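Here are my notes for a colleague who is new to reading structures. Please keep the model open beside the text while going through the points.

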Amino acid sequence: TMKLNLALAALYSLVAEAKDDGQALKPPMGWMSWQRYVCNVDCETYPDSCINEKLYMNAVDLLKSEGYADVGYTQVSIDDCWSTHERDANGDQVADPARFPSGLKALGDYMHDNNMRFGFYSDIGTSTCGGYLGLKGYFEQDIAKFAEWGIDYLKLDGCYEDLAEMSDDYSAVSKLLSDSGRDIVFSCSWPAYTPDNGESNDGEILKKLSEICHTWRNFDDVADSWVSVSSIIDFWSRNTTDAPFVSVSGPGSWNDMDMLMVGNNGLSHGQERTQFALYALFATPLYLSTDLTTVSAESKAILQNTEIIAINQDSSGQGILLDDNAAADSQWWMIGKIYGRALSDGTFAIVMRNSGDMGPSTFIDFDVSSDTSFALRDLYAGEDLGSFTGTFSSSIETSNVEMYIVTL
Ligand code: GLA
């Protein structure tokens, strides 16, 4: 067991150094094509799942009709493979005319007419990871063009770029975006391309990123499997408030753990609950990457849990792993973990996680102090559990979590 109140007090010391331009005050939420639709450009054979304007217009429609827009998923993000392979006679990038016959300005208008933000993708280097056009050599011209198309968010990848040039180049693009006349949220992939995810020299790169970008990818690409999702969660499960990436998290400045796999094929129900609860606790952008017509009712309930979304969107910085050994000694086959985040209203979000894969469900508990009363609300059940004094114990299934609000 752990003394929860002492562990949580430490979280209050977190103050982020945000890029202070009033944008991305909450982690962005929306739908991004990459994981589910990758770089499928063969629209003749795969008319319903290739990268074309219809895919993104459908995503706009479905976010609205399936209830996702109402709970905050209001950005639709184009990813790689939208362009032609050559610039036009003016040196401009152009969307593939066969797949985007109406053009990107019209697609952006469709998004805006439906109250969606237009998320966009490019690469700081000579070409994108998928081999399409990059920005290198054309920063001014391309950013002006993207702004003309009406983008609201730019994920700028880091393939085919010299590491030594990343700092200057991402800074230059940041300046161009600020001067573009549009409010454009800037997502930078720089740390993901460094050997240590931007954490060396006391997080020198992350500090710089928090000044020039609103969000950044600092770890591997997510795939639709528990191996992938749990490796991402493990990377973020540090139990220290002064880890470089923890200390830069806050309004206008978010670590991006990559897309949610909830609603796809690779995770069990408990693993979907785990990914969603911890992505909320770690204050990362929430991007769906799934076929919105096939999400099960169970998965949809996870994605549309408004109380968990509210934790993700809180104006505090990200939470941390408080205790990685919270199982009773007699239950040596299970792995009990407790995560926490101090919320801006003075309450705490707690995730109790059984990350083991042996045995049945097992109890995890925490102590507050023998004479302190606290109230608990179970967020997946949507229920107040009542008041407790001193200690609380919960039975957690293997490879699953429970998430609570603790009010001291
Ligand atoms: C990189 C990024 C992914 C995706 C692909 C596109 O791997 O990390 O999220 O954008 O490029 O090629």
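1. How many nonpolar, polar and charged residues does the shell around the ligand have? By class, that shell has three nonpolar, one polar and six charged residues, where Ala, Val, Leu, Ile, Met, Phe, Trp, Tyr, Cys and Pro count as nonpolar, Asp, Glu, Lys and Arg as charged, and the others, Gly among them, as polar.

2. This is a predicted model, in which local features need pLDDT of at least 70 and side-chain atom pairs count only at pLDDT 80 or more, while totals for chains, interfaces and linings use all residues. Residues are numbered from 1 along each chain as its sequence is written, and side-chain values use heavy atoms, with hydrogens and water left out.

3. The residues surrounding the ligand include Trp34, Tyr121, Cys129 and Asp157 (a residue counts if one of its heavy atoms lies within 4 Å). Asp80 places a polar side-chain atom 2.7 Å from an oxygen atom of the ligand, and for Lys155 the corresponding distance to a ligand oxygen atom is 2.8 Å; the limit for a polar contact is a pair of N or O atoms within 3.5 Å.

4. An N or O atom in the side chain of Arg217 lies 3.1 Å from an oxygen atom of the ligand. Taken alone, the ligand exposes 310 Å², of which the protein buries 91% (Shrake-Rupley method, 1.4 Å probe).

5. Among the 17 residues that line the largest pocket, Cys129, Asp157, Tyr193, Arg217 and Asp221 lie nearest its centre. The lining divides into seven nonpolar, two polar and eight charged residues.

Key. Polar contact = N/O pair within 3.5 Å; in protein donor to acceptor, adjacent residues only side chain to side chain. 1 Å grid on protein atoms, 1.4 Å probe; cavity = no way out; pocket = protein on both sides within 12 Å on 5 of 7 lines; lining within 4 Å.
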